[in-house]
Amino acid sequence: MKTSSLKIQLFAILQVALLLAVRSSSQTVRRPLQIPRIGLATYSTRQTDVFSGFANQASLARQKSLAAGFYTERRFSLKELSYYNLVFALPTSSGNFGLEAGYAGTINYNESTAGIAYGRGLGDKIDVGVQFNYYAVKIAGYGNAGTVNVEAGAIVHVTEKFQAGIHVFNPVGGRIGKYREEKLAFVYSAGFGYDASEKFYICTAIQKEENQPVDVITGFQYQFLPRINIKGGVASATPEFWFGAGFWVSSFSLDVLASYHPQLGITPGLSLVVDFGKSSSSNNL
């Protein structure tokens, strides 16, 4: 009973915080807590998956085959704070295209996004990408509001094993509300990744969100068996830790993940990727 009561109180506090955020001048960006994992392989040439192209759209340029991914998490193990994310990538001779959709919240308060992305290589050393999003928020008793925002990124392939890049989210615009007095936060980041071998990869990113402290995110991914990998890392702002394991067979890969907040507890997550260019003979997940 005490645990149930604590969760109800926590949910009430979080709902109030969300309401205040919507009514403030700069609204915190809705992101999954596992975003370090989803974008973990962005700066890799060997470990990328379809989610990488939406953490930094420049990574979409390296997607070689039709792919789709689904991700869900239950923030701090609360059903009311569940998050869902669906992505799709389509390579073409004119560059690679992507679609993304996200939903978080409940019938009383929810946020949703829909986006279209494009990534293209500029020679062998530089990739660039951009994404246009529509963001909507609904609060019972307050109504609905929406806005359009943009994000973009670039990746430099310094060597075959070392990549570095930048990403910006909502550098201009992104205002919501009847009088457009509220806006989504501006977020920018820079990171690099190193493929130490075909099986081991490490990365670091520095992220700054408007009105929030600088966050340093470090992670690794290691394929210790042909069809199984493990991954983990830490984000400094909270701090927060995460760990996961992935299993791959044929064109499908499944990841089970969890992050830990020292005050709010565990956030479990699950992702499923279908990449039609991968087969049982491939070594990558």
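Predicted model: local features only at pLDDT ≥ 70, side-chain atom pairs only at ≥ 80, totals over all residues.
A residue counts as buried when under 20% of its relative area is accessible. The protein exposes about 13900 Å² in total, and carbon and sulfur atoms supply 66% of that.

As for confidence, the pLDDT averages 84 over the protein, with 83% of the residues scoring at least 70. One is residues 1-26, which still has 33 contacts in the model beyond near neighbours in sequence. The other is residues 280-285, with 20 such contacts.

On to the fold itself: the protein has 17 strands, along with three helices. Looking at contacts between residues at least 6 apart in sequence, 48% join residues at least 24 apart.

The surface also carries a nonpolar patch of about 940 Å². Its members are Phe70, Tyr84, Leu86, Tyr103, Phe247, Val249, Phe252, Leu254, Val256, Leu270 and Leu272. Four strands each supply at least two residues of the patch: β3 (82-92), β15 (240-249), β16 (252-261) and β17 (265-275). Of the contributors, β16 gives the most, with three residues.

Val256, one of the patch residues, sits in strand β16. Its relative accessibility is 49%, so Val256 counts as partly exposed; the exposed class takes in values over 50%.

How values were computed:
Residues numbered from 1 in each chain as written. Heavy atoms only, no water. pLDDT = per-residue confidence, 0-100. Contact = heavy atoms within 4.5 Å. Areas by Shrake-Rupley, 256 points an atom, 1.4 Å probe, with all protein chains shown as cover. Patch = residues over 30% accessible without salt bridge, like charges linked within 9 Å, V, L, I, M, F, W, Y side chains within 5 Å. Salt bridge = Lys/Arg side-chain N within 4 Å of Asp/Glu carboxyl O. Buried < 20%, exposed > 50% of the residue type's maximum accessible area, 1.4 Å probe, protein only.
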